[in-house]
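Colleague: Please show me the chain. I would like to go through it in questions and answers.

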Amino acid sequence: MLLALTAACGLLLTGCSGDDGGGAQKSDASYGGGSHDMPPPPAPEGSNRFEGGEREGEQESREVAPEPDYLSTFALDVDTASYGYARRTLDEGRLPDPSTVRPEEFVNSFRQDYPRPDGDGFTVTVDGAHTDEEDWSLVRVGLATRTAEADGERPPAALTFVIDISGSMGEPGRLDLAQEALGTMTDRLRDDDSVALVTFSGEAETVLPMTRLDGNRDEIHDAIDGLEPTDSTNLGAGVETGYEAAVEGLRESATNRVVLVSDALANTGETEADAILERIAESRREHGITLFGVGVGSDYGDALMERLADRGDGHTVYVSDEEDAREVFCEELPRNIELTARDAKAQVAFDPATVAEFRLVGYDNRRVADEDFRDDRVDGGEVGTGHTVTALYAVRTRPGAGGHLATATVRWLDPDSRTPHEETGDLETDGLEESVWRARPRLTVTATAAYFADALRSPGHRDSALPGAPGLGELSERAGSLAARTEDADVRELAEAIRTANRLD
């Protein structure tokens, strides 16, 4: 089972990511910030050498931060839909569109082994390893919350499912997949949980108002079984009506979520994410109801779903088959409800005495102005129990420099009292492992996933935005060895995806 999906189903109720392992601004250093020395020499033509240059479609994420900026700030985000959709596309014999590849979603699709805190809040782990490119390393920032409580100890859930029943959802693996999973989920939710059901095609309709599971499971099953695909896709109307149903059925002391299940191929009514979200802004802000997107279908409106979720304080996952859907809706969703942090942000401060240049891998849509890190009015990410968040940086150290390299800080608000809290972690240069390929297994998995995403984003898959990047052929071999080393089914699936991409390239 793809761990990206098992983890992301926890997001469905918590607005975050992870599993059982242990808004944009010019001053962010994502893909090109913090450069203070002369850039590395250009790569020989046709090589894979990292040159820190700019690729088509990445201009915004590669702005060079003005001196003396050694800070990188972003809202926590652990969507995994990009990796799931890429695997689906590769399975169909096609390379994914580079615009749908988001590196942080590849990175956050795999189990981590970060230590867990004893209570609420986060642990912060900072580690890294040298790459094959001189003076360049990959630095990993890992955040983890406490282990999730047993199902019986969690708060009740109030879930409003907004289901796309447009004509395109008639394709096998879309509406039928959602119905099967929702039906099984209905049998597994607790008696004190509640479910509402909204459908949309050309118009939106509340099929089932917020209904307690206790004594009403047959009614809920009938509503799910009665869904049939019709005509056009008025996604905006569906989201708006879904939030109306969620507010009408709002339960205090419960986890209130809107879950959008769609291929996101909007073609009627409002089709722009910001305009759709503006219609529900008051409901989101006043009641704290987050929007979670579940993408389906071989043709999938990735950009719209991703923006809806990010701007709606939520997250996305992509499901490609019945096994994935059951895992998302039936296994993890009921177990991961409790929210432990709101508006969580991370800020990494690199030491100018040791660091010449740094680049954040991905998080292009989650960047935050450095000065807004402690402004609690600025949106961050919502994080639940049992979850992890991973950010990866490419870092060029000054030749011969040693000592302190970076400090990572996470800031969040208590979900009930809105009291702010912070936790930090540090990394010294002598804490860097000798090689990303001989590092601790989970760090090597992180690097492999990032290199894979980077290759898929590169036109022609020839040039790399990451230091020490191997070609797809070499990466495939290394991933295969890593899968054997970890004996992890998810890493085996990653290795197979890389082999397929290398063949298709």
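Modeller: Helices (H or I, at least four residues) and strands (E, at least two) are DSSP runs, numbered from the N terminus. This is a predicted model, where local features need pLDDT of at least 70, side-chain atom pairs count only at pLDDT 80 or more, and totals for chains, interfaces and linings use all residues. Residues are numbered from 1 along each chain as its sequence is written, and side-chain values use heavy atoms, with hydrogens and water left out.

Colleague: Which element has the lowest mean pLDDT, and over which residues does pLDDT stay under 50?

Modeller: pLDDT is the predictor's confidence in each residue, from 0 to 100. The chain has a mean of 83, and 83% of its residues reach 70 or more. Among the elements, β2 has the highest mean pLDDT (98), and the lowest (42) belongs to helix α1 (residues 3-14). The values stay under 50 over residues 1-68.

Colleague: How should a low-pLDDT part be read?

Modeller: The model has 238 contacts beyond four places in sequence for residues 1-68; contact means heavy atoms within 4.5 Å. Where pLDDT is low, the predicted coordinates should not be read in detail.

Colleague: Where is Asp135 placed?

Modeller: Asp135 has a positive phi of about 70° although it is not a glycine. Most residues other than glycine have a negative phi. At 29% relative accessibility, Asp135 is partly exposed (buried is under 20% relative accessible area, exposed over 50%, partly exposed in between, with a 1.4 Å probe and protein chains only). Its place is the loop between β2 (123-130) and β3 (136-144).

Colleague: Is Ala264 buried or exposed?

Modeller: Ala264 also is not a glycine, and has a positive phi of about 60°. It sits in the loop between β7 (255-262) and α7 (273-279). Its relative accessible area is 5%, so Ala264 is buried.

Colleague: How far apart are the end C-alpha atoms of helix α4?

Modeller: Helix α4 covers residues 175-188, which is 14 residues. The expected span is 1.5 Å times one less than the number of residues. That gives 20 Å, and the model agrees: the end C-alpha atoms are 20 Å apart.

Colleague: Why is α4 described as largely enclosed by the rest of the structure?

Modeller: The buried residues of α4 include Leu175, Leu177, Leu182 and Met185. Gly183, Thr184 and Thr186 are buried as well. α4 is largely enclosed because the buried residues number ten of the 14.

Colleague: Which backbone oxygen does the side chain of Gln179 reach?

Modeller: Gln179 lies in helix α4 and is buried, with a relative accessible area of 18%. Leaving aside neighbours within four places in sequence, Gln179 is in contact with Ile224, Asp225 and Leu227. Its side chain reaches a backbone oxygen at 2.8 Å, that of Ile224.

Colleague: How many salt bridges does the structure hold?

Modeller: A salt bridge is a side-chain nitrogen of Lys or Arg within 4 Å of a carboxyl oxygen of Asp or Glu. One of them joins Asp192 and Arg190 at 3.0 Å, N to O; Asp192 is partly exposed at 28%, whereas Arg190 is buried at 14%. The structure holds 30.

Colleague: Which residue forms a salt bridge with Arg377?

Modeller: Arg377 is exposed at 74% relative accessibility. The closest N and O atoms are 2.9 Å apart, and the partner is Asp375.

Colleague: About how many helical turns separate Arg478 and Glu474?

Modeller: These two form a salt bridge, with the closest N and O atoms 3.0 Å apart. Arg478 is partly exposed at 30%. Both belong to helix α12 (residues 472-486), four residues apart, so the separation is about one helical turn.

How values were computed. A polar contact is a pair of N or O atoms within 3.5 Å; within protein, one must be able to donate a hydrogen and the other to accept it, and residues adjacent in sequence count only if both atoms are side-chain atoms.
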